[in-house]
Amino acid sequence: MARGRVKRVQEPKSQSANMILALDIGTRSIIGMVGTVEEGKVRILAIEKEEHTERAMIDGQIENIEKVASLAGKVKDRLEKKVNCRLERVCVAAAGRALRTKRAEFELELPGPQLIDDEIISRLEAGAISRAEEAFDAENAAEEDTRRFYLVGYTVCQYYLDKYMISSLKDHRGKQVKADLIATFLPSEVVESLYTTMNKIGLEVASITLEPIAAINATIPANLRLLNLVMVDIGAGTSDIAACTDGSVTGYTMATVAGDEVTETLMKEYLVDFETAEGMKAQVEGEEEITFTDILGFEQTISRETLLQSIQGTSDSLCREIADKVLEINGNSPSALFLAGGGSKLAGLKDGLTRALGMDAKRVAIAGNNFRANAYSQEYDLNNPEYATPLGIVISSGLNLINDGFRVTLNDRPAKLFRSGSFTALNLLMMNGYSFQDIMGRPGFNVAVTVNGKRKVFYGTSAEPAALYINKKEGKLSEVIHAGDSIEFIPAVPGVSASPCLGDVEGAASSLELTLNGGPADLETPLKNGDVIFMRGPEPKEPKKPFVPEREPEAEPEAEKVQAPEPVEEKKPLPVPETKTESGPLSEAARPQPAAPAEKPAERKLLFHLNGLPIHLPRKEDGSPYYLMDMIQYSGIDLKQPRGAISLLVNGQEGVFQQVLKEGDNIRIEEEGELEE
């Protein structure tokens, strides 16, 4: 009998550095694309789409993380099968109903004409970003908006070299440089929910951009931006808008109206559920008659014209609101308008926007024709307006078109990075998933017990301190991070908690009577914090005298008379003075005995001063020193729920958490809120 061959299942390879996974997490659907960069363009290898069965997204923002993660996981799994690769990193774009922008400029005066390198450009852009943040914070304070916002990206509108406009400063020479840019802010919950969703399906976020920036990078290539053009990406929940002129993107915004408004109108008009209304909307373009079943179970058929008439008012309102946003960021009607996104296919929408903006119909087009400038595919037809955002995400990442404020590496990988005001090493570590316990370290827990009325402490071991290096030099948590910085961080290793048993108590022995919390216990019984132990030895007993029988005295024989020697004076022992008590003299056992060897005096504790108060700590059993991080546990700060950034001072100087302490050091460990009091 011939043996059959066992077919080996080949393990899928890991995602290569050149492979880009993009996920467009939309209100109505999730579209995934996988591409690689080849000869300056992005080649799309695989595309997958999955529609939400429930409304887990509202206006471009994730409402139900579990449901969105489940759907995104299906898209990821199907893409992995198509490319036979294990996908680990993803590029995404953020949207949301609370997108905010702020424009700012910053100028640098150099000592003399010099070569403009990346360092100068980074300083210039960082200065403009800081100006934008200051203006944004002041505006928020005036509006009493208490939400936390992240700066999620920026777009340079224009560079200036010695007061002349220029598209790129790199490698030019000059003395005066200026940058004019638009910074974009989103509420923290929008960004964090996106990261949480990706982490749930095992994906690390490699880059993030904004949906309008991604869409315009696909729809309007850089060589067309000398013209005044506007792109409107109409999705289900939001409409992203971006404008460009003179070679730069000049503004972007978002309208929280889109295709869902039309769907909801159909639901009310014809008493149908959301899914049925979406199906009716999809049939408008290609069917003369639309048949559907309402929520009462009645089947109905209406003409295309009837349906269009029923949504006319909603469509006009949608077009007016989008047109107002276009005029707001562009100042007037653009030279040409590109419509992208699934909503752009809705019948009558193109004509409605043309009328609302007072434009020539020949200057309003559905996007797609320009996708081939930066992308191509041998497997898919990319000329689809619905692909604007996912394709734009791949293009933005693959061709390095993303401005995320700073590019910083953490442990040799791009760091997850959102600026929000001052940006320090502590901000960076917290944004990238490290906790205060990773940073400060946690010593092993002690176990304190009571032995015969005296407190006894078994100490846990100290934590191994964390290590922080910025550009290969020891760094501080408060150190400001700059573009291009390389950070290495080794988390603290928690100490080992004490785990004593009854036999570890000094003097404990099986010959003694031992009780633990009032009950009998053996030497192997584990101890826990607060245990009460009593140890008693056996009661001493009086020794019995040997029995000697009485007998008659024998008659002594008569001795010979011998001359007695001279008497020798007998040396008597010195008398032992009797000490009397109220009841009489002390017993023999109580009499003073020869002095026993003196016990070793208790080792002196180390004295430090913490937040103005003295603190005495025992020397560590392993002989290691105390570190600044060891003092966190005595400061009263809750590391699980810190109220803000932690300030570390040693003798008035800023300290680092792995700093070795000397006896007598004056230490202050306080949270941000406490410093202001």
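Which residue's side chain does Lys-281 meet in a salt bridge? Glu-278, with 3.1 Å from N to O. Keep in mind that this is a predicted model. Lys-281 and Glu-278 sit three residues apart in helix H6, residues 274-283, so about one helical turn separates them. Both Lys-281 and Glu-278 are buried. They also belong to a network of salt bridges that includes Arg-28 and Glu-275.

Across the whole structure, a search finds 21 salt bridges. I will take two more.

The side chains of Glu-48 and Arg-78 form one, at 2.8 Å from N to O. This pair links distant parts of the chain: Glu-48 is in strand E4, Arg-78 is in helix H1, and they are 30 residues apart. Glu-48 has a relative accessible area of 12%, so it is buried, while Arg-78, at 29%, counts as partly exposed.

Next, Lys-178 and Glu-105, whose side chains meet at 3.7 Å, N to O. Lys-178 is buried at 19%; Glu-105 is partly exposed at 41%.

Now the helices. The axes of H4, residues 211-219, and H10, residues 388-398, come within 7 Å and cross at roughly 85°, which means H4 is roughly perpendicular to H10. The residues of this contact are seven nonpolar, five polar and one charged.

Last, an open sheet. Its five strands run in the order E25-E24-E31-E29-E30, with mixed pairing. E25 and E30 are the edge strands. E24 and E31 run parallel, joined by two bridges, and Thr-450 stands opposite Val-532 in E31.

Key:
Residues are numbered from 1 along each chain as its sequence is written. This is a predicted model: local features need pLDDT of at least 70, side-chain atom pairs count only at pLDDT 80 or more; totals for chains, interfaces and linings use all residues. Side-chain values use heavy atoms; hydrogens and water are left out. Axes are lines fitted to C-alpha atoms, for helices over the stretch in contact, and angles run from 0 to 180 degrees between N-to-C directions. Helices (H or I, at least four residues) and strands (E, at least two) are DSSP runs, numbered from the N terminus. Angles under 35 degrees count as roughly parallel, over 145 as roughly antiparallel, 65 to 115 as roughly perpendicular and the rest as oblique. Ala, Val, Leu, Ile, Met, Phe, Trp, Tyr, Cys and Pro count as nonpolar, Asp, Glu, Lys and Arg as charged, and the others, Gly among them, as polar. Two strands pair if DSSP finds at least two bridges between them. A salt bridge is a side-chain nitrogen of Lys or Arg within 4 Å of a carboxyl oxygen of Asp or Glu. Buried means under 20% relative accessible area, exposed over 50%, partly exposed in between (1.4 Å probe, protein chains only).
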